[in-house]
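Me: Can you walk me through a few features of this model? I'd like the general idea, then the case at hand.

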Amino acid sequence: MSNAIILLAIESSCDETSASIIVDGDVKSNIIYTQEIHAKYGGVVPESASRLHMKHIVPVVEEALQKASIKKQQLTAIAYTQAPGLIGSLLVGACFAKSMAQALSIPTIAVNHMQAHVLSNLIADPKPQFPFLCLTVSGGHTQIVQCDSPLNMKVIGQSIDDAAGEAFDKSAKLLGLPYPGGPLIDKYAALGNPKAFTFAQPNLPELNFSFSGVKTSILYFVQAEVKKNENFIAENLNDLCASIQYTIVTILMKKLMQACKQTNIKQVCIAGGVSANKGLREALISYSVKYNWQYFIPDFEYCTDNAAMIAITGYYKYLNQDFAAMDETASARSHF
Ligand code: KG4
Ligand code: ZN
């Protein structure tokens with residue numbers, strides 16, 4: 001292992017503290033600590049998130065090293081999420097990575113979180129071939145990305161307002177479900193009829209998405225029904241969840257299909273927290289059969305925020321000798 005490229009990667013952009021070890025491109029560990037505390041506030045509280053990252057980052061890193069049977073002194077470089085995300089949370093990971101790298105006299109690698117979500121598709125086999133398209137759907141972003149090589153990608157479509165994950169979470173909230181509501185909608189949707197209720201779908205030009213109209217349409221419909229029958233939500237929860245999920249998934253898939261036609265690319269990936277959604281996964285599979293696409297879906301542990309995706313991106317950046325300056329700092333926004 002003496003000449004092996006051994007990276008530690010840190011992810012702390014939102015409410016997951018995560019560390020991963022990657023050896024010559026193979027992920028050896030991926031430890032994720034999820035901050036459950038935010039559920040009771042109905043969303044992520046940035047101040048609490050930063051504090052919890054401070055508390056958990058050392059044990060999470062120790063566990064990642066231990067699970068991979070790697071000692072700190074063996075590390076070649078340290079990769080960290082530089083942007084986008086909550087600034088206080090990002091700073092914890094960036095400062096930790098820089099301090100540890102300084103102590104070990106090794107370089108750091110700054111990674112863009114959204115690029116890393118796309119490259120989560122390169123962690124395990126089978127891997128897509130270049131060029132491929134990736135629908136990245138998370139709590140903060142909805143993007144269609146064309147990826148021509150590991151570090152050469154461009155956003156060809158995105159949401160002009162809410163992200164798909166927000167659409168799931170906000171819809172869940174108005175049904176009285178706790179945060180994050182996406183996984184709960186997914187769970188109840190499996191028991192309901194996706195055609196029970198119909199909600200407005202946007203008609204945006206090109207490859208852009210919009211979810212704020214859908215949210216309003218769901219809100220007005222539910223409010224009107226609850227006025228007539230106060231038990232409406234409880235009596236129709238499964239059908240409501242199935243119909244909401246069907247609407248969001250249909251909006252996503254229509255644009256993805258348009259992107260495939262426009263680019264003539266048939267290698268199609270999904271990524272981000274919402275790619276854990278069963279309805280989206282099933283829709284991707286059935287579109288792939290119908291339109292002759294080859295589809296790729298990351299393992300569940302690589303869908304929501306995780307450091308393994310930072311590690312794989314860091315690995316490609318390492319191969320390009322793309323290191324971060326020591327005065328590089330975290331940034332809430334990114335231009336990717
Ligand atoms: O990628 P991610 O972990 O964090 C961000 O970078 O935002 O995505 C979190 C989002 C949340 O909105 C959550 O509700 C959604 O992913 N999500 C799901 C499912 N699992 C997570 N949405 C729908 N169905 C799921 N199974
Ligand atoms: Zn994310």
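Me: Which residue lies over the face of Phe300?

Reply: A charge counts as sitting over a ring if NZ of Lys or CZ of Arg is within 6 Å of the ring centre and within 35 degrees of the ring normal. Here Arg281 does that for Phe300, at 4.1 Å from the ring centre. Keep in mind that the model is predicted: local features need pLDDT of at least 70, side-chain atom pairs count only at pLDDT 80 or more, and totals for chains, interfaces and linings use all residues. Side-chain values use heavy atoms, leaving out hydrogens and water, and residues are numbered from 1 along each chain as its sequence is written.

Me: How many aromatic pairs are there?

Reply: Rings of Phe, Tyr and Trp (its six-membered ring) pair if their centres lie within 6.5 Å; planes under 30 degrees apart are stacked, over 60 edge-to-face, the rest tilted. This structure holds 11 such pairs. One is Phe209 with Phe211, stacked at 6.3 Å centre to centre with 10° between the planes. Another, Tyr287 with Trp293, is tilted: 6.0 Å and 35°.

Me: Are Phe209 and Phe211 buried or exposed?

Reply: Buried means under 20% relative accessible area, exposed over 50%, partly exposed in between (1.4 Å probe, protein chains only). Both Phe209 and Phe211 are buried. Trp293 has a relative accessible area of 8%, so Trp293 counts as buried.

Notes:
Chains are lettered from A and ligands numbered from 1 in the order in which they are written.
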